[in-house]
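Dear colleague,

Please find below the structure that I am handing over to you. My findings follow directly after it.

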Amino acid sequence: MTRPVRIAPSILSADFARLGEEVRAIDAAGADWIHVDVMDGHFVPNLTIGPMVVKALRQHSAKPFDVHLMIAPADPLLQPFAEAGADIISVHPEAGPHLHRSLQAIKALGKRAGVVLNPATPVESVDPVLDLVDLIMVMSVNPGFGGQKFLSSQLAKIAALRQRIDATGRDIDLEVDGGIDRTTAPQAVAAGANVLVAGTATFAGGPAAYADNIRALRGM
């Protein structure tokens, strides 16, 4: 089944002094989702935003908020992010002892549940939870910072996950995050991805360029 390609700009690359305006600008420019990278300075080597910022930004866009929790433990913050306005909440298998329970908790909060695979996390780690997930995200960089180079080694992982997803017959999105630009976007889509997270490539050139940047990433 051919899926439309969704673009989820990562606000990690936005101007943090004017985040509300930036979210409105990428919404108007054609973004499908708003991607929110949450980092704790422990699970990954950076510190970003919490539920209060998500709550403040929620009024600026009706688009789905795609919240990627790069935090450990993740479970204590699932409810705060859900209540702040997250629509999709994704966690890493390494972020807690019970991935299955974490995904169940996200679903119980009425949100879409995602699992995220770091470059060194094996494809097989999703097999026990394929019946629960709504989204699988492949990190095509080591998480923690924007602007990194795409790891082409992850294309085989994307393709393997697409086969697993298609075999389930379930409507599971396959998202790729890291180093996505006009060159790597079509490679990720060809491998089987249908959601592309792009920070630097979306926000380059300022608000006047956002619509053209998003169209280019979409392959239009």
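In what follows, contact means heavy atoms within 4.5 Å. This is a predicted model, in which local features need pLDDT of at least 70 and side-chain atom pairs count only at pLDDT 80 or more, while totals for chains, interfaces and linings use all residues. Residues are numbered from 1 along each chain as its sequence is written, and side-chain values use heavy atoms, with hydrogens and water left out.

I begin with the nonpolar core (a set of buried Ala, Val, Leu, Ile, Met, Phe, Trp, Tyr and Cys residues joined through side-chain atoms within 4.5 Å). Buried means under 20% relative accessible area, exposed over 50%, and partly exposed in between, with a 1.4 Å probe and protein chains only. The largest core has 63 residues, of which Ile11, Leu69, Leu103, Ile136 and Ile180 touch the most other members. Leaving aside neighbours within four places in sequence, Ile180 is in contact with Phe150, Ala185, Ala188, Leu196, Val197, Ala198, Ala201 and Leu217. A second, separate core of 10 residues includes Met139, Val141, Val195 and Val197.

Next come the helices and strands, which are DSSP runs numbered from the N terminus (helices: H or I, at least four residues; strands: E, at least two). Helix H6 (residues 184-191) and helix H5 (residues 154-168) have axes that come within 8 Å and cross at roughly 35°. Those axes are lines fitted to C-alpha atoms, for helices over the stretch in contact, and angles run from 0 to 180 degrees between N-to-C directions. Leu155, Ile158, Ala159 and Arg162 of H5 make the contact with Gln187, Ala188 and Ala191 of H6.

Within H6, the buried residues are Thr184, Ala185, Ala188 and Ala191. Seen down the axis of H6, these fall within an arc of 130° (taken from the directions from the helix axis to the C-beta atoms), so they line one face of the helix. Their cover includes H5, strand S7 (173-177), strand S8 (195-198) and helix H8 (210-218).

In strand S7, 5 of 5 residues are buried. Asp173, Glu175 and Asp177 point one way from S7, and Leu174 and Val176 point the other way. S7 pairs with strand S6 (residues 135-139) in the parallel sense over 5 bridges; two strands pair if DSSP finds at least two bridges between them. Met139 has Asp177 of S7 as its bridge partner.

Val138 lies in S6 and is buried, with a relative accessible area of 0%.

Yours sincerely
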